[in-house]
Structure formats: structure tokens, C-alpha cells
Protein chains: 2
Amino acid sequence: MTESVSTEHVAAFRRFNRCFTRRIGVLNDHYLGQDRPLGEARLLFEIATAGGPDGISLRELRTRLGLDAGYLSRMTKRLQGRGMVVLSAHPEDNRLRMARLTPAGHAEVKEQNRRADALATGVLEGLAPDLRAQLTDAMTTAARLLRLAAITVKPVDAHAPDARTCLDAYADDLDARFPEGFDRSDLVAPEKVSGEAGAFFVAYEEDRPVGCGALRRLTPGAGEIKHVWVHPDARRLGLARRILQTLEAEALRRSWTVVRLDTHATLSEAQTMYRACGYTEIPAYGEHVYASHWFEKRLAP
Amino acid sequence: MTESVSTEHVAAFRRFNRCFTRRIGVLNDHYLGQDRPLGEARLLFEIATAGGPDGISLRELRTRLGLDAGYLSRMTKRLQGRGMVVLSAHPEDNRLRMARLTPAGHAEVKEQNRRADALATGVLEGLAPDLRAQLTDAMTTAARLLRLAAITVKPVDAHAPDARTCLDAYADDLDARFPEGFDRSDLVAPEKVSGEAGAFFVAYEEDRPVGCGALRRLTPGAGEIKHVWVHPDARRLGLARRILQTLEAEALRRSWTVVRLDTHATLSEAQTMYRACGYTEIPAYGEHVYASHWFEKRLAP
DNA sequence: CCGGTCCTTTGACTAGAGTCAAAGAATGAC
DNA sequence: GTCATTCTTTGACTCTAGTCAAAGGACCGG
């Protein structure tokens, strides 16, 4: 994982960067902000995509776009002046202001989308259909991997809010998937995955928790992997695999030589992943109501 | 070729655009222009990469970067003031000013490169080695196809300077590759590829000619493809194939039902390409000193 | 109800990016 | 030599983007 990056990979990456920013990046900005400043265009777009039915708070806009409070305040006021946006107080917290698009604002965003589509279409039209498919495939792969690369998996105290958030979502997920439902008392106690006894990891995508995984001591020298979960928005990136690798590395750091895990019959994709990651099926190693398959992997430094 | 672009392709393209500009684009700019304005950083980079031994003229910089003359003038003067650049008169045309990097300027560009490398490394480090390779592969493919998409193949008068430039380079190429050399009197006369008799196409990448191809009438209803050439900088993009397709479309437009071509024994990659494009080998159809293989393709509307 | 914290607004700036027009110096065609 | 053209320089602007600090209203815990 931390093997040094080869210069060829760096060179390929930079070649692409240059090519892309020159050909697309510049155009992009010019297209989007054709008759209004780019900052406003971006702001409108963000309100449209991130805003719920009540709109979105200025506070959230600020953190999402990384803007200065004063700057944002002025920009929204300008947009309000042009009738693109309405500002209202937050129903519960009067310090917050909510921004919502007006019909005119929605029309503007639609026009923005039309332009962005036109830009993409213009580029793709220059290619024969089979090459178009090749290009979009490559872009989809690249986007997937770029997202994955930006996600960090960090050890976190199992009591921390981010850990609880993930486990709650995990429990809801299982409850929906298991025919018999899922009882959250089955979740591992925080003490069992803290300190000497184990560890808890949370995956963050830009400070937002998007996955988790726990490791606990089963017997001296053997660990158990539990509660590997990935947020629906972050699935199909290969994140589960990455969390698994992190947990294995942690076990190895503690000189545990084997990790085991169990899984429910309905989770067939998970089983496929475990096998692909070097896990082999073993007989039951414990009693666990939701378990129907058991796996193990020997760790080598 | 001009089949309409599917919405899924457009969506994939835009998803990637968003992902890339958010994650890399912004960083890129911040990294590069860390202690100097972004415009100056870009300018330095351009002088370093596009400048020859004598430097590069302001005129060329202007067109390459699409800058206003006054803006550029001031920027170069500022760089000169900081000892990054020296300005001198063009040896032959005293209106032109040449910009060349000083050692300090080169050091600055080196530092820029170091930062860009660090950025790329930082992203790639977040991925396991096999995924790194996947990402750079995808990026290489995408860059190749983006370049190809930006190239336009246009009909051009065979007397035009761009046509002659390409044919000169083509002749030099062949002269270097054929053991017996190449005599440029073998080049087709402009009249033979004009009007009713035929057509000449030049491929442009941002107004720079990077390839060509000719079509001429062989017999009523049959065309001959000649002088398909691609600039060394634009090889391995699939441009030759594209030029070939353009020539075939032109033949079809003239209701010619078959196209033929011959090729020299040394040009084995060309032969592979012709076969891959649906050409089949046929007996000799004419006398041509440099020909050793003959191909034909029947055209269907 | 008091003090600290959070969110927004406002005023006062700075710097970068870019535009436009006028003017000056060279060049090239006639 | 003259005139139109081509490049560059200069002056005078505009607009966006962004920063910083002060101030004021709202909330929350004690």
C-alpha cells in the first residue's frame, strides 16, 4: 500500500492532468459562467444539487464550497437581488439562513446543465461510437479510483459519534436485508474494539464518514473482523476491500497471525469479496445467530 | 461517426469532469502558483516547454496561451524584473521579442515540476499498487482519446501550404524508412487530388497540421488512397484510422464503390491497420515502384 | 439572566486576471 | 519612399475573487 510510486505512474498522471485541464477544464469554466461570474454559477449549482426541499443553510454551503462567510453572504444577496434565490430563516435555529432556488434559479441551473451537456457532447462527437465507449469507460474507471484514492481510513474511538453513525447505518442496512431482521444488540460493544482488545476504523471522504470496520481479539494471536460496512454512496469503489486490508494490517501490527470472520447467507457479494481477498472457508468457530459461513486468512508480514 | 451521442456517455463524461475538477483541478492551481500568481506560473511553464534554444517569441506565447498582448507584455516584464526571464530581439525580425529563461527561471520551473509531481504522488499513494496501475492506464487511454477527439480532419486544397508541409514531412519520412530512399517526384500532383479527380485532407490539432491523406479517382467508380501520413507527435492515437475513414466517406459521397491502395514492404504496421480496417489484399492493380502489397475495400453506404 | 459560542452581515481592503485603445517601432509590398 | 500591417508597449480601466475584522442577533449551558 505504501510502496513508493513509480515515476512512470507520476508521469502518466501528469500528462493526463495537463491534457485535461488544457482541453476541458478551461472550456468548462468559460461555458458555465457565460453570463454570470463563475463563483455565482458554482453557488447556484451547489444550492440546486445539495439543497433539500427547504433549501440549504449558508453554513453548509460555506463548508462545502470552502468560501469565506462574508464573501458568501454578499454572493447570495446578489443572487437574491436577481431573483434566482430566496433566503429565509431556518425554522428551528434563527441564526441559520436557508437559501432556496426560485423558479428562475431552477431555469438558470437547467441552462447551465444544458451547456455542460453540450460541451461533453461536443467532445464526444469527435469520436467514433466505439471510441466514445472506450473514453467513457476509462473516465468511469478513473473517477472511481480517484474517489477511492481520496478516501482515508483512520482508527477512531469506538465511542466517537462517527463510529456510532456508521454502526447505526450498518444495523439499519442489515435489518433491511436479513429476512429475520437484525437486532442491534448484536453490535460489538465499544470496549471490545478498543485498546488491547481491538480497534475500530472509519473511512472518511472529505471529512464525511463513508464506511467502517472493526477488529477484535478472538484468542491470543487471532483476530476477528466485524462490521465492515460501506455507505451506499461509496459502494462499488473497492472501499470494503481497502477497509479489510487496513484491518489486516492492524492485526499484523499486533502480531496476530490469523483473522477470522463470519457472514450471513444473504450477503453473497461479501463472500465473493472475502474469497477474492485470500480468505478461505472454515468450519464454525463460534456461536453467532446471524452467521452461516465462516472464513479465515493467515497473515504474513 | 456522427451518430448521436448517448445520454449515458454524456453523463459519465460529466461525472468525471466534476470529480476531476473538484479533486485535482483546484489543488493543481493552488499548488502551482504557491508563491507567485498562477498566470506567471503558467507563462514560465510555457516558456520552458515550448521555447527553443533561442527562447520563444511573445507572439507565439500569446497565441498558445490565448492572452491579451498588453497583459502578456506586462507579465513578461514582471518576470524579467524578478530575473526569471530575459527578453531579447528576434535576430531576423526586430518587431518580435524573444523570451528565454534564466538559470533562476529554470530553477523555478523545476520547483514547479517538483510540486506537480508531489501532487500526483500524493494522490497515487492513496491506492494499492495494482489500482495505481489501473488508474494510470485509464488516464493514458482517456488522454489519448481526448486528444484524438480534438483533432479535426478537413478537406484542403492540395496546393495549400498546410498540404505541402504534410507531404514534405511524409516524403522525408519515407526517404528515411525505405532502404532504396524515396523520390518526391512520386508524390501525387495537386491536380490529381482536386475537384472531380480527388480530394486532399489535412488533420489539425489546434490549428496545427498533424496528418494528411489523399483520395484520387483510379477508374470510374474506384478510388485510390494515397499519402496517409501522421506527424510523429500524433502517432498512436488512432489518427491514421480516422483519416482513412474520412477518405472512405469522401469516396462514398462521390458514389465510388471501391477504394484501393498500395504500400511498401517496410510499412508493416500500416498493413496491419489496413487489414484491421476491412481491407483485403489483392493482386497488383498498377505499376508503382514503391509498392509491394495491394489492398482493396468495398464500400457500403 | 449571563457569558460564551455560533452564524451572518457589513465595511474596508488587496490582488489577480483581463480588456481596450492609443501609440510607437519594424517590416513588407508596391 | 509610402502605406498598410504586424508586434509590442503603455495607460487607464473593470471585474472577480478573496481576506480580515468588527459588530450584532440567536442559541445554549449553567
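In which sense do β1(B) and strand β3 of chain B pair, and over how many bridges? In this predicted model, β1(B) and β3 (residues 97-101) are paired in the antiparallel sense, over two bridges, and B:Ile56 has B:Ala99 in β3(B) as its bridge partner. The pairing belongs to an open sheet of three strands in chain B, ordered β1-β3-β2 and antiparallel. Because β1 (56-57) and β2 (85-89) of chain B stand at the edges with a single partner strand each, one side of each is left without a neighbour in the sheet.

Chain A can be read through its domain assignment, which gives domain 1 (7-126) and domain 2 (151-298); the C-alpha centres of these two domains of chain A lie 37 Å apart.

The two chains also meet each other, in a contact that takes 56 residues from chain B and 56 residues from chain A. Between them the chains bury about 5,500 Å², of which 68% is on carbon and sulfur atoms, and B:Phe13, B:Phe16 and B:Arg23 supply 13% of the area that chain B buries against chain A, more than any other three residues.

Ten residue pairs are found in polar contact across the interface of chain B and chain A. On the side of chain B that touches chain A, the elements giving two or more residues are α1 (7-32), α2 (38-50), α5 (103-125) and α6 (129-150) of chain B, and α6(B) gives the most, with 20 residues. The residues of that side of chain B divide into 29 nonpolar, twelve polar and 15 charged.

Notes: Residues are numbered from 1 along each chain as its sequence is written. Chains are lettered from A and ligands numbered from 1 in the order in which they are written. This is a predicted model: local features need pLDDT of at least 70, side-chain atom pairs count only at pLDDT 80 or more; totals for chains, interfaces and linings use all residues. Side-chain values use heavy atoms; hydrogens and water are left out. Domain bounds come from an automatic or database domain assignment. Two strands pair if DSSP finds at least two bridges between them. Helices (H or I, at least four residues) and strands (E, at least two) are DSSP runs, numbered from the N terminus. Contact means heavy atoms within 4.5 Å. Buried area is the accessible area (1.4 Å probe) that two parts lose on being put together, summed over both. A polar contact is a pair of N or O atoms within 3.5 Å; within protein, one must be able to donate a hydrogen and the other to accept it, and residues adjacent in sequence count only if both atoms are side-chain atoms. Ala, Val, Leu, Ile, Met, Phe, Trp, Tyr, Cys and Pro count as nonpolar, Asp, Glu, Lys and Arg as charged, and the others, Gly among them, as polar.
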